[in-house]
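I am opening a notebook on a structure that is new to me. I will write down what I looked up, one topic at a time.

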Amino acid sequence: MAIFGLLSFMLLFQMRQDRMAALTTATATADRLARVLEAHTRETVSSVGAVLSTTALHLGMMNDAAALQPERVLAVLSANVRSLPYLKALTFIGADALVVASTHSKVADKIDASSRDYFQKHAAGERGTLIGIATPSLVTPHLIVPITQRVETAGGDFAGVLVAVIDFRYFEAFFKTLSVGERGLVALYSGDNAMIPETPFNEARIDAAVRTDRLFGADALASAVEGTFRAETPLDGVDRIVGIREVDGLFLGVMVGLSVDEVLAGWRDGTRSHAIVWLAAGCGVVGLTILLLGQMHRRDRVTEALRAAGERLCRNEQHLTRAQNVSRMGSWELDPVSGQLIWSPMMYRIFGQPKSFRPTIGGLFDIVGPKARDGLQSLLDRAISGVVPSALEFDVTRPDGETRRCRCKCEPVISTGNKTVAIVGTLQDVTEQRRAEAERLDLERQLQQALKMEALGTLAGGIAHDLNNALVPVLGLTECVMENLPAGGAERADLELVIDGATRARDLVRQILAFSRKEAPEREPVDIAKVVDMGWELLLRALPFGVRMERRCAAGALVLADHSQIDQVIVNLVTNAVQAIGDGPGTVTVSVTAQRDTAPGKARLTVEDTGPGMDETTRSRVFEPFFTTKPVGEGTGLGLAVVHGIVTSHGGSIECRNRPGGGTVFDVFLPLFETAVAEPIPCDFI
Amino acid sequence: MTTKKILLIDDEKLVRVTLTRILVRAGYTIVEAANGEEGIAEVARSHPDLVICDILMPTKEGIETIRDLRRSHPDLPIVAISGGGRLGSCDFLRHAEQFGARATLRKPFSPEEVLGAVGRLLDEPAPAFSEEAFAEKVSAG
């Protein structure tokens, strides 16, 4: 737009320059035409003057009245009038102002010229050639221009006036050759501003009253006696550029005026054309500019939209990459026709492959290994056939040796022609997920076990209480009755059996209560090796034939514990081991060590036997209360459950495993005394 | 010689009957109560020389009963008896000692165990009781 404005300004400037040039040219033209007119007029008048002078000389030579007889005068006139084509007539007016002779046949003899200006001037002594104002002819309907000269006698007296008449049409014809335009002005004027023929003012307006100063005003002529000027003609209101010249020696001036309107017509037409062209061009430029701006705006919007779309795409890619990193899930796409396989950066990380690795189906099969290859091929085959296959999980061993669990899902992309054009899928590293699930399942199993043990403990506690109450009269009153019976009697022996049975029942109930109790035991520093030593003799006495016992006890396995409960743990474990060996032969080994290579340090009590060992099912249930592999009536299923309860209440743990070469090993771990922390357990009185 | 009077507080009639048989044969006079509230009322009414109190009873259980009796009758010897825990998992007898029982018996018990504990408490002088010492003992337990 700025360029268009600048060009418009330049155009306006050029138009102004053109206008000035047109006016300058017109001024020069007016001046040139004035010079041409001046030359022509001078030549015309001079020629006429020469004819007049010659004629006057002839007439002057006829120095007597007789000689000036009309016939002789007419002969002279006739002889000279033919010397110039534009000379209309020659007339000789005598000193008495009457026409003596004229070459124009219609000139009346009686015409009195005494009133004529030229006659008066010549009679008064003017000897030059005078040119008069255009005057209606006395004998023709046309304007005539009289050019006069004094005729003198040989003695120098006034003999009359010789009048040469030029047809005004001669001037008009010449004026027309000057091409001043329809509103141009061509005029001759005498020294006293009397107009001679002029154009375009018609003859009706040509009279004595019309003077050149009325054309432009006295000031205009006074300031431009010879040269050019510009002024408005008051007579017709036309603005003109006027050239004026004086005709030397003739007391005569010429004037050529060019209408400014006409002078500028060409410029105006040109300017209009230019303006139209420029306007059209401007409209075109504006249109083009608007179009261009619109295009630029659209281009900018498209560019902006592309940039925003690019940013969104970049953000989405980053988001996708981050999401894939977080979920450890990669994505892939397979072209089933070309076999081309592409995948996301996460796939490289999951497979532990470098970025330089080029994904191919063959390469993928190599990565997943032979175990998963068939499954993966089946998954792809199903997807190619247009079916969404079930997810496939498999292990992938990375180049660094680490094994990752991967879950692969995919589905086909079906074209409108019902063909599978691509298979898109994901591959997620579910290693941690599966590990967490396994841990959760283990915790759930432990929790379930703990809840079951707790429920059984509560149930056992309740049963034990009622059983104890029921046993009170059995034990108490049987003894009372026995006191009254003689020793050695059958009845007393029977009652002793009753007491034995009741005592066994009491012990059983106490086992149940020991299992069900979870309160903090009376704890004191206890050396497990010493507990083993103290009870060793009793344990040996209870051994069946064929079973022997060994002990390997290291000192220093000091724990904060209830002595009697540790003793019960040892007794129960040894009893279980002996029963596992059965009829023997076999060996039960008890060992005690202090492990300080872990934090916190642990005391380890190990009881192992050389029995048949346990299967997996038995080992998983071995600490459940009332679980026993013994025949009905031979085992309570509480021994190992009580051991488990005691150990856990001391903050320890117990593990069961098969012994290499046969047999079972129980490992009890208890916190060493220097690191043991007794945690109070709340007491429930309800 | 004055016959010693013993109050039996137990919700289980079998236990009360058995103890009555054992203790009457030994020359004691027996009064009975089926729960803690009845037991405290019976103490006020019959002024026993010794109380045998069960722990787990309805209405008013043994620990609270023993604590109240120790406060109202500091010199009254109390034997706590228990067959174990029905709902809880604490060693009630140990707590009973802390709250004032001077002897404990775990059910089932033999006649010798009952008579030994009763005879020992009735023969030996009651230890001096003070609220401060009691509070200390409880807080230490």
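What percentage of the 686 residues of chain A count as buried? I found that 31% of the 686 residues of chain A do, where buried stands for 20 or more other C-beta atoms within 10 Å of a residue's own, exposed for 12 or fewer and partly exposed for what lies in between, with C-beta atoms placed from the backbone.

Before going on I noted that this is a predicted model, in which local features need pLDDT of at least 70 and side-chain atom pairs count only at pLDDT 80 or more, while totals for chains, interfaces and linings use all residues. Residues are numbered from 1 along each chain as its sequence is written, and chains are lettered from A and ligands numbered from 1 in the order in which they are written.

**Chain A, overview**

I looked up the elements of chain A and found 15 helices and 23 strands; these are DSSP runs numbered from the N terminus, helices being H or I with at least four residues and strands E with at least two. I then turned to contacts, which join two residues whose C-beta atoms, placed from the backbone, lie within 7 Å. Among the contacts in chain A with a separation of 6 or more, 60% come from residues 24 or more positions apart.

**Chain A, strands β1 and β6**

Strand β6(A), residues 158–167, has 8 of its 10 residues buried, so it is largely enclosed by the rest of the structure. Strand β1(A), residues 87–94, pairs with β6(A) in the antiparallel sense over 7 bridges, where pairing requires that DSSP finds at least two bridges between the strands. Within this pair, I93(A) stands opposite V161(A) of β6(A).

In the loop between β1 and β2 (99–102) of chain A I came to A97(A), whose phi is near 70 degrees, a positive value in a residue other than glycine. A97(A) counts as partly exposed because it has 17 C-beta neighbours inside 10 Å.

**Chain A, the sheet from β18 to β22**

I next followed an open sheet of 5 strands in chain A, with the order β18-β20-β21-β23-β22 and mixed pairing. Its edge strands are β18(A), residues 547–553, and β22(A), residues 653–658, each of which pairs on one side only. The twist from one strand to the next averages 15 degrees, with axes taken as lines fitted to C-alpha atoms, for helices over the stretch in contact, and angles running from 0 to 180 degrees between N-to-C directions.

β18(A) and β20(A), residues 586–595, pair in the parallel sense over 7 bridges, and here R548(A) stands opposite T587(A) in β20(A). Helix α12(A), residues 528–541, lies across β18, β20 and β21 (602–609) of chain A and runs at about 165 degrees to β18(A). Helix α15(A), residues 639–649, lies across β22 and β23 (664–671) of chain A, at about 135 degrees to β22(A).

**Chain B, the sheet**

In chain B I traced an open sheet of 5 strands in the order β2-β1-β3-β4-β5, with parallel pairing. β2 (29–33) and β5 (103–106) of chain B are the edge strands, each pairing on one side only. Strand β1(B), residues 5–9, pairs with β2(B) in the parallel sense over 5 bridges, and I9(B) stands opposite A33(B) in β2(B).

Helix α2(B), residues 36–46, lies across β1, β2 and β3 (50–54) of chain B and runs at about 165 degrees to β1(B). Helix α5(B), residues 111–123, packs on the sheet and touches β1, β3, β4 (78–82) and β5 of chain B, its direction making about 175 degrees with that of β5(B).

**Chain B, helices and loops**

In the loop between β5 and α5 of chain B I found P108(B), and the peptide bond from K107(B) to P108(B) is cis, with omega near -10 degrees. My last entry is H47(B), in the loop between α2 and β3 of chain B, which has phi near 50 degrees, a positive value in a residue other than glycine. H47(B) counts as exposed because it has 12 C-beta neighbours inside 10 Å.
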